[in-house]
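Please have the sequence and the structure open as you read.

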Amino acid sequence: MAFVNELSQTKGVASALDCVAHWLPQILPAERASICLDSDDQHHLQVFVFSGNEAIPLKAPLPITSTMVGRVFRKMELEVATNLSEMTDQDCQLLAAGGLTTCMDAPLQKGNTCFGTINIAHSQSNIYTAQHEALLQCIANWVAGHIFSHRQLSIQKKLAATDPLTEISNRRYIFSMGQRLMELWLSQQTPFILIMMDLDNFKMVNDQYGHDTGDFVLIEFGRRIGSLLRESDGFARVGGEEFLIILENENITDAQALAERLLRSISDRKIQHNEHQLNITMSVGITQVDSDDTIFDHVFSKSDRALYQSKSNGRNQITLYSPSNI
């Protein structure tokens, strides 16, 4: 009951898996308990959490093709090794070198999808019974269901916050970020800056080369701009060819220098698509939150007005918002 109670109070997958790894040696005979999950490269599993014996460390990559956990992952079948020293699998050899004699691995699967394995090991041979196998698989099924639900929720959240064409953030996400930063500004005077960008004469690209080329330009634009930003910077497509950057706790001098680099990254290199080479430029408007702003829409409107001024002055340039000239 203590295990179930503690598990029910965990928040998120990471804390739930930590809880499972901690409790497994108290539920089943185990001197080591670990959970391995699939990795991005599709060729390795990785130790996500473990407790007890440190024979295989945290975050250790385990090749799917040459390990027992990899075999369990591929076949989606529970397996017991009764004498690790006689096994040729890489993970079994590591466990044996750490003083362990036997281990049991169960797949973490939901339907036909496997996310990883749950593993226990002991220094005493022939310790695991059919009842132990059934209990470990039962726990593995629950863990798999929890991971599946979390991943589905993460996918849905990402889709709701992502522009489907460029795969960067969308208007909904960036405005949510802006409103949060506005609250920080009003309560703690934490500054932020908006850089509004619009591709010049983009309609002509669609009209002359077709929408496929236009879509490619938008995707390439997002890639180039995104490559020059920090992970903490907000970047989103807010309209057809309009994009917005939010810089938190940044000064206006550095923001202008960044905008110059962004402008050159677009204008200095042609965009190649099929047989076409396109010269693309953009117009930019910059503003920073100030004492007159009470809602995020005020700040956004000022950046939009600065952008419009860049368009009116001939495009391919940057305008810093100022009440005196806009």
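The buried residues of helix α6 are I174, F175, M177, G178, L181, M182 and W185, where buried means under 20% relative accessible area, exposed over 50%, and partly exposed in between (1.4 Å probe, protein chains only). Seen down the axis of α6, these buried residues fall within an arc of 155 degrees, so they line one face of the helix; the arc is taken over the directions from the helix axis to the C-beta atoms. This is a predicted model, in which local features need pLDDT of at least 70 and side-chain atom pairs count only at pLDDT 80 or more, while totals for chains, interfaces and linings use all residues. Residues are numbered from 1 along each chain as its sequence is written, and side-chain values use heavy atoms, with hydrogens and water left out.

**Helix α6**
- Helices (H or I, at least four residues) and strands (E, at least two) are DSSP runs, numbered from the N terminus.
- On the other side of α6, R172, E183, S187 and Q188 are exposed.
- The cover over the buried residues of α6 includes β8 (192–199) and α10 (296–312), contact meaning heavy atoms within 4.5 Å.
- Just after α6, Q189 takes a positive phi of about 60 degrees.

**Strand β6**
- Of the 10 residues of strand β6 (residues 113–122), 9 are buried, so the strand is largely enclosed by the rest of the structure.
- Strands β1 (residues 32–38) and β6 run antiparallel and are joined by 6 bridges, two strands being paired if DSSP finds at least two bridges between them.
- Strands β5 (residues 102–110) and β6 also run antiparallel, joined by 9 bridges, and A106 has I118 in β6 as its bridge partner.
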